[in-house]
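Visitor: I am new to this structure and would like to learn how to read it, feature by feature. Could we begin by looking at it together?

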Amino acid sequence: MEVNFIFKIAAIGIIIAVLNTLLVRSGREDQAMLTTLAGVVVVLMMIIPYIRDLFSTVKDLFDF
């Protein structure tokens with residue numbers, strides 16, 4: 001896994017945390033929750049290829 005990829009995930013997390021804080025303080029809790037959920041979905045979509053590679057490596061390791 002590349003260091004740049006980890007930095008991208010960290011940057012998304014920081015941006016989502018700031019947006020969440022701003023939205024909660026302005027009284028928009030529903031939008032804050034949706035923003036957080038969108039951030040989680042974006043990060044999961046970024047991680048899916050790595051998870052797929054992990055499962056294929058484990059499958060090859062145990063020769064199933």
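Guide: Let us start with helix length: the expected span of a helix is 1.5 Å times one less than its number of residues, and helices are DSSP runs (H or I, at least four residues), numbered from the N terminus. In this structure the 23 residues of α1 should span 33 Å at 1.5 Å a residue, and the end C-alpha atoms of α1 are 33 Å apart, which agrees. Please keep in mind that this is a predicted model, in which local features need pLDDT of at least 70 and side-chain atom pairs count only at pLDDT 80 or more, while totals for chains, interfaces and linings use all residues. Residues are numbered from 1 along each chain as its sequence is written, and side-chain values use heavy atoms, with hydrogens and water left out.

Visitor: Which residues make the contact?

Guide: Contact means heavy atoms within 4.5 Å. On the α1 side the contact includes Phe5, Ile9, Ile12 and Leu19, and on the α2 side Val42, Val43, Met46 and Tyr50 are among the residues that take part. By class, the contact of α1 with α2 has 13 nonpolar, 5 polar and 2 charged residues, where Ala, Val, Leu, Ile, Met, Phe, Trp, Tyr, Cys and Pro count as nonpolar, Asp, Glu, Lys and Arg as charged, and the others, Gly among them, as polar.

Visitor: Which residues of α1 are buried?

Guide: Buried means under 20% relative accessible area, exposed means over 50%, and partly exposed lies in between (1.4 Å probe, protein chains only). In α1 the buried residues are Phe5, Ile16 and Leu23, and they pack against α2. Ala11, which also lies in helix α1, counts as partly exposed at 34% relative accessibility.

Visitor: In helix α2, is Thr35 buried or exposed, and is Leu34 buried or exposed?

Guide: Thr35, found in helix α2, is buried, with a relative accessible area of 19%. Leaving aside residues up to four places away in sequence, Thr35 touches Ile16, Leu19 and Leu23. Leu34 lies in helix α2 and counts as exposed, at 52% relative accessibility.

Visitor: How many aromatic pairs does a search of the whole structure find?

Guide: Rings of Phe, Tyr and Trp (its six-membered ring) pair if their centres lie within 6.5 Å; planes under 30 degrees apart count as stacked, over 60 as edge-to-face and the rest as tilted. The search of the whole structure finds 1 aromatic pair: Phe5 and Tyr50, tilted, at 4.6 Å centre to centre and with 45° between the planes. This pair links distant parts of the chain, with Phe5 in helix α1 and Tyr50 in helix α2, 45 residues apart. Phe5 is buried, at a relative accessible area of 9%, whereas Tyr50 counts as partly exposed at 31% relative accessibility.

Visitor: What is found just after α1?

Guide: Just after α1, Gly27 takes a positive phi of about 85°. Ser26 is found in the loop between α1 and α2 and is partly exposed, with a relative accessible area of 45%.

Methods. Helices (H or I, at least four residues) and strands (E, at least two) are DSSP runs, numbered from the N terminus.
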